[in-house]
Amino acid sequence: MGQNDIMSTAEDFADQFLRVTKQYLPHVARLCLISTFLEDGIRMWFQWSEQRDYIDGTWNCGYFLASIFVFINLFGQLSGCILVLSRNFVQYACFGLFGIIALQTIAYSILWDLKFLMRNLALGGGLLLLLAESRSEGKSMFAGVPTMWESSPKQYMQLGGRVLLVLMFMTLLHFDMNFFSILQNIVGTALIILVAIGFKTKLAALTLVIWLFGINIYFNAFWTVPAYKPMHDFLKYDFFQTMSVIGGLLLVVALGPGGVSMDEKKKEW
């Protein structure tokens, strides 16, 4: 079997998968995407005093402002998740969750940690794709805006979302000299580039979903670590952030790459 035959078979499998899961895939994608916000909002409730004390100790802002910070995170994330899952005011929910990401990036000094910053940006990419999906359903906040606002920005949202999702995989690259790490880096980088430029997008994104899900289950198995150990919370945070990026990739599979992509340009050729 030649290379073209293998590629055609793989693309046929991806198309068949999309046909079978078409009704359910967007719902699964949205649930995965908001999972990290849902988990973090619940954690704010159960760790209210610890989070408040951490913010107060880091910024010396006093208990009142620290409590306000925890409340904003708790209410903002849980209400945003409810709106996204119920398909009500999705665009407002996305903007609110963007604000939560920005707030946490500053409050927890993520801005100076390149790995966590890239993962937060990847999470933002997933929200951009969710925002694009809400526009595809014709639910615009600004009904009187000209048609160009409905199509062109949506395409660039999809492009920006795809590019930002790539940042998650850059944090997973290992610079070891063993064969498995080299192979993983080569294959992963190739798939990342395909998603970013929008070439064979659905197949590449679906392959990345499978790969990333396997890595997530293997490396971030927080359920194997006792809850009282700090590593439990770290792995749990990492696990749900990765699930959110998987949700973003599933939206790419469900929606396609958008107008600013090689897949769309090929149709014009």
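Predicted model: local features only at pLDDT ≥ 70, side-chain atom pairs only at ≥ 80, totals over all residues.
**The cavity**
- Searching the whole structure turns up one cavity of 30 Å³ or more.
- The space in the largest cavity comes to about 90 Å³.
- Its lining is made up of Thr-36, Phe-37, Asp-40, Gln-77, Ile-100, Ile-101, Gln-104, Asn-120, Leu-123, Tyr-237 and Gln-241.
- Sorted by class, the lining of the largest cavity holds five nonpolar, five polar and one charged residues.

**Where H2 meets H3**
- Helix H2 covers residues 25–46 and helix H3 covers residues 48–59; their axes come within 5 Å and cross at roughly 90°.
- H2 and H3 are therefore roughly perpendicular to each other.
- On the H2 side, Arg-43, Met-44, Trp-45 and Phe-46 make the contact, while H3 brings Trp-48, Glu-50 and Gln-51.
- The residues of this contact between H2 and H3 comprise four nonpolar, one polar and two charged.

**Annotated transmembrane regions**
- An unreviewed UniProt entry places the feature "transmembrane region" at residues 63–85, 92–111, 179–196, 203–219 and 239–260.
- Residues 92–111 are 80% helix and 0% strand in the model, with the end C-alpha atoms 25 Å apart.
- Residues 179–196 are 100% helix and 0% strand, and the end C-alpha atoms of this span lie 26 Å apart.

Key. Residues numbered from 1 in each chain as written. Heavy atoms only, no water. Axes fitted to C-alpha atoms, helices over the stretch in contact; angles between N-to-C directions. Helix = DSSP H or I, 4+ residues; strand = E, 2+ residues; numbered from the N terminus. Parallel < 35°, antiparallel > 145°, perpendicular 65-115°, else oblique. Contact = heavy atoms within 4.5 Å. Nonpolar A, V, L, I, M, F, W, Y, C, P; charged D, E, K, R; others polar. UniProt positions renumbered as here; feature names shortened; annotations may be inferred. 1 Å grid on protein atoms, 1.4 Å probe; cavity = no way out; pocket = protein on both sides within 12 Å on 5 of 7 lines; lining within 4 Å. Points joined across faces, edges and corners; volume = space filled by probe spheres on them.
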